[in-house]
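Good morning, and thank you for joining this group meeting.

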Amino acid sequence: MKTLIIVFSQSGQTRKTAECIRDGLVSMQGECDLVELADVDTSVLADYDLVGLGCPVYYYQEPFHVRDFLEDLPDLTDRHWFVFCSHGSIMGITLHTMSERLEKKGAVVVGHYHIYADVCSPFALYPSYTTGHPDEQELEEARSFGMDLADRTPRIAQGEKNLVPALEPPDEELVKEAAALTPEIIKFIIPPYTINRETCIKCRTCETTCPVNGFDIDADPPRVQDPCIGCSYCVMACPTASLEADWSLMAAHNHEHYPYMKKWLDKAAAQGEFRWRMDPDSLDYDDYMYLQHLRKLKEKKSD
Ligand SMILES: Cc1cc2nc3c(=O)[nH]c(=O)nc-3n(C[C@H](O)[C@H](O)[C@H](O)COP(=O)(O)O)c2cc1C
């Protein structure tokens, strides 16, 4: 079975998961191609018997450019696809909307998979609830998912029914939360960036890190508003912290948001879907990653 996995991954968690799914598929069928979303040529998709698409969860859903990729796919009638994502505490509606978009194109979704993973974002806390995830057990589950796909997809192609484990409907609360987080709102809540031209070394890492070419170092302001997906990796990737922004308003929200996330993780833990690897009461709500990033650079400078 000719299989392709397409992956978008900024901090490597989804890619790690994709590689494990691929290992599972390869152990059963000998081969499986893996390609970055940015490099995918949609004209080759029809050459594959099974295609998978994986991405991180951003704002309870697939990143906006992944959504656009799905919307722009050609007709997929009777093509077999699977979807997967990595995320911190709340997967939200990601697997649901990715599957729905594929089904609208006529695809048959033969699997969906999600995995808990560490978070990297200027307004996030570190370490946090999901630091240390995915662990070896979770990655082994990803390999098993790949093996299951290799087993079930040919059987589905031959007409066997009811082989795909059902995806539980999303929680109504999260459907509402995700619907409110539109690209327009994200643009509004992410603070404006400025470039400190005195410290900027023009390495252009911010530009190359941006998955949607939404950044222009020579422009003022440098963040090209459209089509920013709000990932903020440009900020974390800057080796001189020259992309300056005031994250304190977003970070202030951590005092409410982390207990909210803990609620969902406790629920997942009670269902046997998540295993705590840390003490959730040990978080320092005010020490977010952007501050840590600045501190590290300062320490490096004084060495
Ligand atoms: C801007 C941003 C928004 C995020 N939103 C969510 C979210 O809504 N729910 C969640 O569980 N994790 C969220 N995360 C965490 C990522 O989904 C998680 O770290 C993911 O594993 C990153 O994947 P990658 O390493 O493949 O880039 C967010 C991360 C970023 C940077």
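Let us begin with strand β1, residues 3–7, where five of the five residues are buried, so the strand is largely enclosed by the rest of the structure. Please keep in mind throughout that this is a predicted model.

Which way do the residues of β1 point? Thr3, Ile5 and Val7 point one way, whereas Leu4 and Ile6 point the other way, and all of them are buried.

Which strands pair with β1? One partner is strand β3, residues 50–56, which pairs with β1 in the parallel sense over five bridges. Within that pairing, Leu50 of β3 is the bridge partner of Thr3. Another partner is strand β2, residues 33–36, which runs parallel to β1 and is joined to it by four bridges. There, Ile6 has Val35 of β2 as its bridge partner.

I turn now to the chain as a whole. Its secondary structure comprises 11 helices and seven strands. The C-alpha atoms fill a box of roughly 65 × 45 × 40 Å along the principal axes. How does the radius of gyration of the protein chain agree with that of a compact globule? A compact globule of 303 residues would have a radius of gyration near 19 Å, and the protein chain has 20 Å, so the value agrees. Of these 303 residues, 38% count as buried. Among contacts with a separation of 6 or more, 80% are accounted for by residues 24 or more positions apart.

Next, the domains. The protein chain is divided into domain 1, residues 3–168, and domain 2, residues 173–302. Their C-alpha centres lie 23 Å apart. How many residues of each domain are in contact with the other? On the domain 1 side there are 29 residues, in contact with 37 residues of domain 2. The side of domain 1 that touches domain 2 divides into 18 nonpolar residues, 10 polar and one charged.

Of the 27 residues around the ligand, Ser9, Gln13, Thr14, Pro56 and Ala117 come nearest. The elements that give two or more residues to this shell are α1, residues 13–29, and β4, residues 80–87. The largest share, three residues, comes from α1. By residue type, the shell divides into 11 nonpolar, 14 polar and two charged residues.

Is Met147 buried or partly exposed? A residue needs 20 or more C-beta neighbours within 10 Å to count as buried. Met147 has 17 inside 10 Å, and therefore counts as partly exposed. Leaving aside residues up to four places away in sequence, Met147 touches Gly24, Ser27 and Met28. By contrast, His96 is 51 residues from Met147 along the chain, and their C-alpha atoms are separated by 22 Å.

Thank you for your attention.

Definitions and conventions
Residues are numbered from 1 along each chain as its sequence is written. This is a predicted model: local features need pLDDT of at least 70, side-chain atom pairs count only at pLDDT 80 or more; totals for chains, interfaces and linings use all residues. The radius of gyration is taken over C-alpha atoms; the globule rule is 2.2 Å times the number of residues to the power 0.38. A residue is buried if 20 or more other C-beta atoms lie within 10 Å of its own, exposed if 12 or fewer, and partly exposed in between; C-beta atoms are placed from the backbone. Two residues are in contact if their C-beta atoms, placed from the backbone, lie within 7 Å. A residue is near a molecule or strand if its C-beta atom, placed from the backbone, lies within 6 Å of it. Ala, Val, Leu, Ile, Met, Phe, Trp, Tyr, Cys and Pro count as nonpolar, Asp, Glu, Lys and Arg as charged, and the others, Gly among them, as polar. Domain bounds come from an automatic or database domain assignment. Two strands pair if DSSP finds at least two bridges between them.
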